[in-house]
Every structure is written in C-alpha cells, then in structure tokens.
Amino acid sequence: MTTTEHLPATTSLTPLRRARERFLSGHPLPDGVPEEVVAAWRRARFFGVPHDLKKGAASPQRPAKSALLGAARPVLERIAPALGIGRSALFLTDERPRVLWSSGNAPGPEPWTDLSEREVGHNSAALALRSRRRAEVHGPEHFLDRWQEVSAVSVPVLAPETGQVLGTVTVASPLCTGGGPHPGAALAEAAAAAVEGELLARARRAERVLLDAYLRAAQGQNRAVAALDGRNRLLSAAAGRMLSPRALEALERTAVAVRQKGVPVDPVLPEGAGCTARLTPVSHEGAAIGVVAVLEPLSDAAAPLPRPSVALIGSSVSWRHATRRAVALARSAEPLLLSGERGTGKTALARELLGERSARVADAAEGCELDSVLVELAAGHPLLLRHSERLAQSGVAALNTLLDAHPDAQLLVTYTPGAPAGPCLQRLLDTLAARSVALPPLRERPEDIRDLLPALAPRPAPGQPPLAWTLDALRALERYPWPGNVAELAHVVRAVAEDRRASGPVRRAELPDAVREGPAARPLSPMEHAERTTILEALRRHGGNKARTATALGIGRATLYRKLRGYRG
C-alpha cells in the first residue's frame with residue numbers, strides 16, 4: 001500500500017474505501033488506516049484538490065528541449081508494445097512531474113499533464129519523486145474519485161553521473177487483484193534502467209565530442225584553451241595560469257547559457273581578468289553541449305603569472321574560506337596554527353604564507369632539538385614548526401613557556417589530529433585556537449581536483465603538450481576518497497606522467513587500480529581489501545575478461561561475480 005511491498009488482495013482495500021469515504025465526509029477515521037495514506041489525503045485537502053476532479057488544470061509549460069524525453073522516447077517506444085492492448089498505460093514524467101510522453105489506453109492519468117500533488121493529490125509518480133525509489137499506489141489510496149479503480153507503479157529515473165532525480169517511468173493498469181507487487185513493476189524498473197543507460201551513453205558521447213573539440217583547439221605549445229559545459233572543465237596549462245577562479249566561473253556561466261539558449265553568448269569576464277576569450281559553441285546531435293574558449297592576454301596586461309602555488313589552488317567554498325582566513329591571519333606577526341589530515345597541504349600553505357621571509361624550519365617528526373630554534377624565535381626570527389603532534393613533552397613545555405613570554409612570536413605550527421593530546425600539547429593547542437585554520441581534506445572538495453592537476457603534473461618537455469585527462473579519468477579521480485589527500489594525488493599524477501607510453505589524454509585505464517575502480521561501497525577488512533586488490537589486478541592483466549580472470553585465480557566465475565558484487569555493497 002503506497003510502497004514497494006506486496007499488495008494485499010482487493011478485499012483488504014474495502015476498509016480503506018470506507019475510511020476514504022469517512023475522510024471525505026469529515027467523520028472520524030477508524031483504526032488501522034496507514035498513516036502515510038491519511039497524510040497524503042490531508043495534503044490533497046490542504047492544496048484544495050477536489051476529489052471529484054474530472055479534468056486537470058491548463059497544461060503546464062513543458063521544456064522546449066528535454067534531454068530526458070530525447071533519451072527516453074526511443075526506449076519507451078520499443079517497450080510500449082509489451083503493454084498489451086487495453087490493459088496498461090505507460091507514462092514518462094519529468095521532475096515536476098509533468099507528463100512528457102504516454103502510450104496505451106488503460107484507465108489512468110491520461111486527462112492530466114501535471115501529476116503534482118498540488119493538482120491531483122496522491123499518486124505514484126509524485127511519491128516516487130519524493131522517496132527516490134519505486135512506489136505503488138492502488139485504488140482508494142488515491143484521492144481522486146476517477147482513480148479508485150486504478151493501480152499504478154512509478155520508478156524514478158536518476159541522472160547517471162549526479163544521482164539527481166530527472167523524472168519517473170509509470171505503469172498504470174486496472175486495479176490489481178493479486179497479492180504481489182504491481183504486475184507492471186518489472187516493466188517499469190526495466191524501462192527506467194534502460195532510460196538511465198541511454199542517458200549515460202548520450203552523456204559520454206557528448207563528453208567525447210567536447211573533449212575532441214578541446215584537443216583540436218589546444219594543438220600548439222602553450223596555447224590557452226578551456227572547454228566547459230557547466231559540469232566538466234578541461235584546461236590547458238596556459239589557461240590554468242591565466243584564468244582566475246572568478247574568470248573561470250564566468251566562463252562556466254557562459255557555457256551554461258549557451259547550452260540553454262543554443263546560440264553563441266558573449267562572455268562577460270570580471271574586471272581585471274587580464275585576458276579576452278573567443279568562444280566557439282560545441283554542438284552534438286543538433287544541440288549546443290558546451291563551449292571551447294581560446295584565451296588571449298590583453299595587449300597592455302602584465303607578463304603572464306608564474307605557475308600558481310599548489311597551496312592556494314582551489315575554487316571550492318571550503319578551500320577558499322580556509323586559505324583566505326590563513327592569509328588574513330598571517331598579515332600580523334603572531335603565532336598561527338594550521339591543522340588538517342596528513343597530506344592536506346599544511347606545510348605548503350605555511351611556506352606560501354611566509355613568502356620571502358627567511359624562516360627556520362623544525363620538524364618534530366625528525367626529532368629536532370628545539371633549544372637553539374626557540375632562542376632564534378624569541379629574538380624575532382620566524383619559525384615553521386612541522387608535526388607539532390610529535391613533539392616530546394619537554395619541547396611542548398618549552399614552547400608554551402616561550403609563548404607566555406612572547407605572545408607575538410612569528411611562529412607557524414602544523415598539527416595533524418590523531419591520538420588524544422596530552423596536557424602540555426592541549427595547552428599549546430588551546431593557546432593557538434583563536435588563530436588556527438583547519439584545512440579541509442581533498443574528499444570534501446573534489447571539485448578542486450581539476451584545478452590541481454595542471455599544477456601537480458610535471459612540466460612537459462619542449463614541444464610536448466601538457467598532460468590532459470579524459471572526462472572518464474577525471475570522474476574516477478573525483479570519486480576516489482584520497483585518504484592521503486593532495487600528497488597522494490600528486491604521487492598518482494607523477495606516476496602516471498612518468499610511466500605512460502601512450503599519447504593523448506590520460507585514460508581511466510591508466511590510473512592505479514584503486515582509483516580506477518573506485519572505493520568499495522562498504523568498509524573492508526584487511527583480508528577483503530587484499531583479496532579485492534588481487535582480483536582487480538588480475539582483471540587488469542586479462543583485459544577485464546572475467547572468465548579468464550576466474551580461471552587464473554582458481555575460482556569459479558559465479559564466485560568471482562559474487563565477490564565483485566559484495567565489494568560494491
């Protein structure tokens with residue numbers, strides 16, 4: 001009842017029919033009426049939906065071009081003949097939900113083009129959109145009189161890359177009499193899966209067209225080229241040096257406008273961008289899918305900026321907030337604490353904050369002696385103290401004593417949280433708490449990975465293009481959780497650049513197994529992790545052929561499939 005669970009026989013709906021009649025007449029409801037059904041009836045009454053509605057409101061404006069409808073129509077037209085004559089109807093709705101396409105002539109929502117609860121009350125399409133899973137609504141669970149003899153099942157259609165709900169596939173039929181799921185449930189599930197597959201295939205074809213357009217425009221050493229579609233971005237090294245985060249955001253807004261309008265749009269770069277952009281729309285199957293921007297420095301602009309420091313690269317909100325706060329605090333000659341997980345870039349940011357100042361560097365992880373260093377700090381010389389969590393208690397005590405006497409010491413401290421801090425170290429952290437910055441881990445800012453790649457890649461040899469990445473490889477990099485953060489990403493980029501023999505952009509197949517396959521859907525034991533690594537390596541050696549992989553590992557093919565499914569959760 002209003003779920004994906006088994007439906008009781010029609011006779012069990014009789015009490016629900018009586019309960020609906022009492023609800024409509026304003027009488028108290030009997031016990032045992034499902035609360036979710038009563039809540040749906042109440043929402044319909046709140047929205048002012050008449051239960052005896054015969055015809056829907058004026059048709060809502062549908063999108064002029066619907067990517068969902070374009071991908072779904074050929075799929076649904078192949079499936080429609082399986083409905084049977086006069087037995088079921090098949091509908092496609094968007095996320096609002098508006099009916100975009102229908103087939104069949106069974107009783108159902110055919111007079112209406114808007115299936116939102118505000119217009120027609122409780123129905124399976126609206127419920128599937130809200131719950132993000134398959135939903136069934138039968139007979140008296142509906143609010144409208146017209147649908148009392150109708151059963152419907154709806155399955156949400158999700159965007160393959162983002163998981164965003166795009167719409168639903170709905171099968172409506174005369175009221176079911178059996179005790180199992182709606183007889184059209186399997187058909188709706190298969191149709192939704194097929195539509196999602198077509199959406200993914202079209203997205204990949206479009207991304208390939210965008211990548212090809214980028215590669216054609218980027219031919220030539222040090223040419224500043226960017227390709228954008230509002231979701232993906234490809235930047236040459238020269239473009240990465242030339243574009244500020246604000247200028248890049250302006251180009252992405254322009255790319256979105258081009259996709260929506262289908263015609264060229266002049267980019268509006270922010271004041272002081274230092275460059276101009278010449279845009280060329282990229283089309284696929286008659287529709288604009290993005291733009292390629294060729295950048296030129298202004299004639300009176302200053303010399304090109306040097307390669308940006310990795311410590312300051314990133315356009316995510318969390319990273320911009322952290323670095324701006326660190327820069328602001330570093331303007332005054334007082335202690336500053338940079339905390340964060342291993343590899344987040346604490347030391348790199350500290351060196352960037354010190355700038356041209358000559359500073360002593362002491363690393364507690366290397367067992368440094370602090371006596372002479374603290375003397376220089378007390379005399380006014382800057383000090384960068386790394387891995388403060390590894391300091392001996394005597395060293396922490398000496399540092400606390402110095403800060404008591406010199407609260408304005410030019411001290412930068414890096415700290416990696418881990419084991420509980422002892423009393424002395426906790427006192428130091430409390431002293432520096434007011435002037436501390438926590439750097440976010442890379443898994444919390446995956447949108448910064450595409451900005452980091454050009455800066456982490458080795459400089460290309462003379463006459464060679466900079467390292468580029470396919471969109472499939474970029475998606476794999478962004479999905480990986482990066483337990484080692486930016487340091488681990490830098491290691492992967494260097495290893496790929498040094499080991500590759502192929503030309504052109506880096507493909508997903510060239511990435512390390514763990515990055516290419518993505519993280520396991522659940523935490524794995526050390527034994528499972530080792531087993532997963534072995535299986536993935538064997539799959540790579542045998543070109544992805546599961547039969548040969550199973551033979552090489554000495555296990556059955558069914559066992560291999562079961563283990564792979566288990567790793568995916």
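## Salt bridges in the predicted model

A search of the whole structure finds 26 salt bridges, each being a side-chain nitrogen of Lys or Arg within 4 Å of a carboxyl oxygen of Asp or Glu. The structure is a predicted model, in which local features need pLDDT of at least 70 and side-chain atom pairs count only at pLDDT 80 or more, whereas totals for chains, interfaces and linings use all residues. Residues are numbered from 1 along each chain as its sequence is written, and side-chain values use heavy atoms, with hydrogens and water left out.

## Glu117 and Arg43

Glu117 forms a salt bridge with Arg43, with 2.9 Å between the closest N and O atoms. This pair links distant parts of the chain, since Glu117 belongs to helix 4 (residues 117-120) and Arg43 to helix 2 (residues 35-46), 74 residues apart; helices (H or I, at least four residues) and strands (E, at least two) are DSSP runs, numbered from the N terminus.

Glu117 counts as buried at 11% relative accessibility, while Arg43, with a relative accessible area of 26%, is partly exposed. Here buried means under 20% relative accessible area, exposed over 50%, and partly exposed in between (1.4 Å probe, protein chains only).

## Arg233 and its two partners

Arg233 forms a salt bridge with Glu252, the closest N and O atoms lying 2.9 Å apart. Glu252 is in helix 8 (residues 245-261) and Arg233 in strand 7 (residues 233-235), 19 residues apart, and both residues are buried.

The side chain of Arg233 also meets that of Asp451 in a salt bridge (2.7 Å, N to O). Asp451 lies in helix 14 (residues 449-456) and Arg233 in strand 7, so this pair ties together parts that are 218 residues apart in sequence. Asp451, like Arg233, is buried.
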